[in-house]
Amino acid sequence: MSSTFEKAHDFTLSASEINFGTTNYYGHASGGSKAAALKELQKHIVAGAMHDSAERCDAPKCHPETRVAVQGEAVGWILDGDVEEEPKNMLWVTGPAGGGKTAIMGSIADNCHKKGLLGCGFFFSSFVGSVDRRSKRCLVATMAYQLVQHEALHDVGERILSAVDHNPAVFEQQLEVQLDKLLLQPFRESRRDPDGLPWPKVILIDGLDECDAVQYGDTTRSPHVAPRTKEADQTEILHMLLKAANDPSFPFRIIIASRPEPAIQSFFTDVAGHTTRKIFLDDKYNPDADMLLFIEAKFADICRRYQLSFSWPSKDVKHTLVRNASGQFVYVSTVMRFIEGASALPQELLDQVLKLRATDASTNPFAPLDALYAHILNSSPNPFLTARWLNLLFRDGNFLITWSARFTRLFLESSPGEAFHVFRGLNSLVSIPPTDSDYDDSTPSYSLFHKSLMDFLEDRSRCGSLYVDEEEFWGLYRERFLQIWKDKGPATPLSAHERGEFMNRFLDLIPFSRAEFLSMEQNLDWYDIAWWVRSQSERAKYSNDHVANLQTVFIAAHQFCNRYRRCRPVCRYIRTGMLKELRKLGWTTPGWKELLRLKFTQRWDPHGIGIAPPGAISRRKRSRSLISTSRLGDSRMDAVDIDEDGIESSDAPSR
């Protein structure tokens, strides 16, 4: 019997490819599946973390002719690191807060991009942009997406998309698995085209210390499982990057910038010391000379704008500002933004800065910066309210950072114009986007110019009377959330259309914490449960999120009750009102036996409680004895309405 390949020639077979002549077939995604794979990949990226994103339009960059030495050292290592006596594949740029790490990384990214050296980058941020910029979730996908878009990496990009097409669930797998599938394997199977464009040489990761922990599951319902720490996630990222750097097929050098936090310091010292070069931003790189150049350029701009003599201010004053900075670029950049502000003449604002009293910067390098922050914040009309807003917006882990400035303003204002009052004079600390008169939820978020402001506000020993504890700033959130629910709208008058747009966004928020429910309990008649249920039900026609809102609140209202005693008034009020209104609307609701079981198990399973929209099929089997579907005449369900969902009622079956 002859072979299928008898007399065939000019081909080879291997595990990874089939080669006929000069055409390679690697199982690349077809045109349609390629587009689908690209769309799937795009769902899992953080566009704002890329070096040239719109979200980073105001990100710090090195002023021309400054930080030349450190940038030159980094770029020289990218280009010629192989000729060193002991070549290193990773570079760690580190230094204290305010040393200009992000500005340096942004400038390196821009320069490398112009020279075709930049493969991809990810700029973490805990105080600006989307919540995914402070998480590891989208790191690998964002890197892979940038490589797909790189014109010199066409073949690699095809293989990345093929990997996504083959396994769309890869984004839910561990970081090292994502690295293997989306980055390492495509490079292992790709071949450089000697006549093609040169491949890029470097990957940049900035602000690693600002990466927060991703929690898996509900840690509040699993008391024996310790929450994951941000140090664990940061170390996981570092191990992943080290694996990539040590893989012969991976063509990039990796630059990582962060503060010298203990976990990161330990990794680069004990684990990756053999493969890592280190740049510590200290006096070696002459920051004082760079800061003086920056200050002189800024004062020249001010003199031109205000038609002042270019001899102002004196050289001694400029050197005083540099000396006060103690090597921290954030100090001089904040000072210059403050003097450039329109709250007073620049001469007056400079005098205010020079008159600030601080302890000796040689014993506490943050003292001049702390004094500056305190002066600016105490100049606002209501410093403590300003501090509450800032903590609520920018404290690590808070979700308000993702809100548009327009929605944030309408949500937090207790009276029209309060946001202007709160942020007045803070233009040197906070980037405040314009909010048009027409409602537009796509406006950028409020953002800080530098994270060191929150370092100041979170340390009572540094900020003194401006310190706000968690109960204080979350208390502000509760006050505003419950007031808007009571009023069915924000404090600021809006047109019917604008009000509808605002309420659509507001109804995504739900009461969840013990403090929120106990606050409601003080004035239950303020909160129209029937209105809230109708609003969620109407939106549930278009989004399952609102079905989940109803299910979650029904469970959450009961989570603080004692299972062996009568439920709290807020629990009875919310659950009874919800059941009444849901049955009127034709929703599936739980029967008395299901409610009895829920009372004693207090399980956290919103999807399994028997609340579902009209026509929906429940996710689990439920017998007729457990479910009542809108039968208002059922005496058992009447009992549920009357007294703690029927459980304490005399009409309910005995226990």
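Trainee: Is cysteine 138 buried or exposed?
Mentor: This is a predicted model, in which local features need pLDDT of at least 70 and side-chain atom pairs count only at pLDDT 80 or more, while totals for chains, interfaces and linings use all residues. Residues are numbered from 1 along each chain as its sequence is written, and side-chain values use heavy atoms, with hydrogens and water left out. The classes rest on relative accessible area, with buried meaning under 20%, exposed over 50% and partly exposed in between, for a 1.4 Å probe and protein chains only. Because its relative accessibility is 8%, cysteine 138 counts as buried.

Trainee: How many disulfides does the model contain?
Mentor: A disulfide is a covalent bond between the sulfur atoms of two cysteines. Here the criterion is a pair of cysteine sulfur atoms within 2.5 Å. Cysteine 62, with a relative accessible area of 16%, is buried, but by the sulfur distance rule the count of disulfides is zero.

Trainee: Is serine 428 buried or exposed?
Mentor: Serine 428 lies in the loop between α16 (418–423) and β9 (430–431), where helices (H or I, at least four residues) and strands (E, at least two) are DSSP runs numbered from the N terminus. Not counting residues up to four places away in sequence, serine 428 touches Thr334, Arg337, Phe338, Ile376 and Phe449, a contact being heavy atoms within 4.5 Å. Since its relative accessibility is 3%, serine 428 counts as buried.

Trainee: And is alanine 54 buried or exposed?
Mentor: Alanine 54 is placed in the loop between α1 (31–42) and α2. Its C-alpha atom is separated by 9.8 Å from that of proline 444, 390 residues apart along the chain. With 66% relative accessibility, alanine 54 counts as exposed.

Trainee: Which residues touch the most other members of the largest nonpolar core?
Mentor: A nonpolar core is a set of buried Ala, Val, Leu, Ile, Met, Phe, Trp, Tyr and Cys residues joined through side-chain atoms within 4.5 Å. Leaving aside neighbours within four places in sequence, phenylalanine 411 is in contact with Trp403, Tyr477, Arg480, Phe481, Ile484, Phe502, Phe506 and Leu509. Of the 103 residues in the largest core, those touching the most other members are Phe411, Phe506, Trp532 and Met578.

Trainee: What is the angle between helices α2 and α3?
Mentor: Helix α2 (residues 68–80) meets helix α3 (residues 101–114) through Val70, Gln71, Ala74 and Ile78 on one side and Ile104, Ser107, Ile108, Asn111 and Cys112 on the other. Axes are lines fitted to C-alpha atoms, for helices over the stretch in contact, and angles run from 0 to 180 degrees between N-to-C directions. The axes of α2 and α3 are 10 Å apart, and the angle is about 45°.

Trainee: Which orientation do α2 and α3 therefore have?
Mentor: Angles under 35 degrees count as roughly parallel, over 145 as roughly antiparallel, 65 to 115 as roughly perpendicular and the rest as oblique. With an angle of about 45°, α2 and α3 are therefore oblique to each other.
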